[in-house]
Amino acid sequence: MQVVHLSAECYPVAKVGGLGDVVGALPKYQNSLGIQASVVMPYYKKKFISENHFDSIFEGSLALGTTLFNFKVLKETTDKLGFPLFLIYISGLLDREEIYSYPDETEQFIAFQLAFLEWASQLKKKPDIVHCHDHHTGLIPFLMYHSRRYKKLAHIPTVVTVHNAEYQGWFGWDKLSYLPDIDLSKTGLLDWNGTINPLAAAIKCCWRFTAVSPTYLEELSYNSNGLEYLFAGEKQKGVGIINGIDTDIWNPETDSMLMSNYTTKTAKKGKLENKRWISKEFGFAVTKPLIAFIGRLVGEKGADLLPQVILNCITELHSKVNILILGSGLADIEDELTILSKKHKKQFNCFIGYNETLSHRIYASADFILMPSRIEPCGLNQLYALRYGTIPIVRNTGGLKDTVIDYEIDANGYGICFNDTNIKSIMEAIHRAVTSYQSPSQLQLLRTRMMALDFSWSKSANHYVNLYKNLIIKT
Ligand code: ADP
């Protein structure tokens with residue numbers, strides 16, 4: 001069975017968040033289950049691409065409205081990621097340093113999708129399943145089934161995974177001409193609230209969709225940035241499959257980015273050695289509990305509340321904790337955090353930006369990871385934290401609810417959970433964290449318990465393979 005994953009991100013080629021981690025790992029685990037999964041993504045000016053060798057395997061040209069483009073399909077020559085990796089190159093449009101936030105993002109991702117469809121429709125052996133990830137690839141199911149140009153692909157089942165429904169990629173009807181040779185009687189499938197909405201079109205047209213956790217699948221029907229009615233109506237097509245983690249990369253025993261490697265048995269010592277390094281780096285006292293936040297500094301993650309949380313930790317908790325933040329996002333939040341880090345050096349520090357190595361070191365050295373998310377479709381940070389023996393402090397939402405069990409509520413629990421994204425609830429949770437830190441035996445017990453959990457991709461990759469098999473039976 002040949003499965004093609006289409007995505008804007010794929011670790012280690014290009015990653016902004018969880019989407020990159022998932023697409024960089026899931027195909028590898030699927031291949032270990034005996035299917036042939038590959039990844040097709042845009043070409044970016046990124047280190048991985050300049051440092052590896054690619055063959056050009058296909059060339060074509062396409063029209064985006066009235067503009068003509070040439071494109072190339074490049075294939076990485078060694079399959080070193082555990083799956084074949086294909087890049088679509090379009091000069092001036094898909095050879096950029098960043099993944100998102102360009103003013104012509106609509107053109108960027110439509111051109112990517114059209115180039116894939118041109119190439120795929122000319123392949124002798126067509127894929128058995130086309131698996132699209134998020135809105136950047138959301139027009140593909142519509143175009144496969146309702147564009148005469150791509151009718152050779154119309155029999156292939158499509159699966160769409162919703163990693164984050166907050167972003168939908170909508171654009172105006174004036175750009176309808178970007179979509180070639182479509183059946184105009186079907187344009188209603190593209191529409192949501194008067195715009196062309198790629199995520200809505202994907203949900204309407206795909207054979208099945210998945211959400212990245214069972215709770216997120218439920219939440220989409222009442223909280224999905226305007227698509228609630230659609231998700232509720234299409235629920236019978238949906239399935240919630242929790243993300244996994246790539247334990248080849250995220251393993252404290254072998255992780256080459258850490259200052260010191262450790263196992264469950266040596267976690268106490270190993271984590272302390274990593275904490276010593278980070279405390280020195282960021283000017284903290286190693287004896288105090290270290291609470292970290294890693295992620296996008298946006299409202300979804302509850303990041304707007306972090307400055308007040310930091311101040312409360314200094315006043316209410318008399319500076320008994322250290323807080324470290326790694327992230328980037330809204331300029332206001334970045335600025336506030338930078339000012340606070342200068343003013344309260346001994347209690348709080350931050351690294352504004354993206355830094356993969358530092359993220360690994362923080363998972364290994366922190367005592368707690370704070371995730372006060374308003375929306376968290378799956379969340380990978382808590383899974384990495386668990387693997388590295390770092391207690392997650394999470395709001396009960398989405399995938400956080402599905403993966404973290406509060407140790408006060410369940411005798412087998414290992415995390416700290418709270419219900420509301422507000423200062424009061426976050427501070428209550430932090431107070432609990434400080435209390436648990438004062439009991440080394442409890443800390444050790446929780447660490448041992450959480451490090452024994454298996455959140456690797458093995459189980460979830462199998463759910464996807466079974467989903468594909470059921471679709472193929474129907475063709
Ligand atoms: P998102 O909603 O951003 O996709 P996830 O929890 O699913 O959130 O995944 C976040 C991933 O991105 C994790 O691998 C996390 O370690 C990583 N990450 C987020 N921000 C940064 C950053 N500033 N530097 C390094 N890694 C980061």
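The second largest pocket of this predicted model holds about 270 Å³ of space. Of the 13 residues that line the second largest pocket, Lys-268, Leu-272, Tyr-437, Leu-443 and Arg-447 are the closest to its centre. Helix H8 (267-282) and helix H15 (440-451) are the elements that each give two or more residues to this lining, and the lining residues divide into 5 nonpolar, 3 polar and 5 charged.

**Aromatic pairs**
- Across the whole structure, a search finds 11 aromatic pairs, and among them Phe-86 and Trp-119 form a tilted pair, with 5.1 Å centre to centre and 50 degrees between the planes.
- This pair links distant parts of the chain, 33 residues apart, with Phe-86 in strand E5 (residues 85-89) and Trp-119 in helix H3 (residues 105-122).
- Phe-86 is buried at a relative accessible area of 11%, and Trp-119 is also buried, at 7%.
- The rings of Phe-209 and Phe-231 form an edge-to-face pair because their planes stand at 65 degrees, with the centres 5.6 Å apart.
- Trp-250, Tyr-363, Tyr-384 and Tyr-388 form one aromatic cluster.

**Charges over rings**
- The charged end of Arg-96 sits over the ring of Tyr-102, 4.5 Å from the ring centre, while that of Arg-361 sits over the ring of Trp-277, 4.7 Å from the ring centre.

- Lys-301 lies in the loop between strand E12 (290-297) and helix H9 (306-315), and Lys-301 counts as buried because its relative accessibility is 15%, which is under 20%.
- Leaving aside residues up to four places away in sequence, Lys-301 touches Phe-293, Arg-296, Pro-372, Ser-373, Arg-374 and Glu-376.
- The C-alpha atoms of Lys-301 and Thr-421 are separated by 9.2 Å, although these residues are 120 residues apart along the chain.

Conventions:
Residues numbered from 1 in each chain as written. Predicted model: local features only at pLDDT ≥ 70, side-chain atom pairs only at ≥ 80, totals over all residues. Heavy atoms only, no water. 1 Å grid on protein atoms, 1.4 Å probe; cavity = no way out; pocket = protein on both sides within 12 Å on 5 of 7 lines; lining within 4 Å. Points joined across faces, edges and corners; volume = space filled by probe spheres on them. Helix = DSSP H or I, 4+ residues; strand = E, 2+ residues; numbered from the N terminus. Nonpolar A, V, L, I, M, F, W, Y, C, P; charged D, E, K, R; others polar. Buried < 20%, exposed > 50% of the residue type's maximum accessible area, 1.4 Å probe, protein only. Contact = heavy atoms within 4.5 Å. Phe/Tyr/Trp six-rings, centres within 6.5 Å; stacked < 30°, edge-to-face > 60°. Lys NZ or Arg CZ within 6 Å of the ring centre and 35° of its normal.
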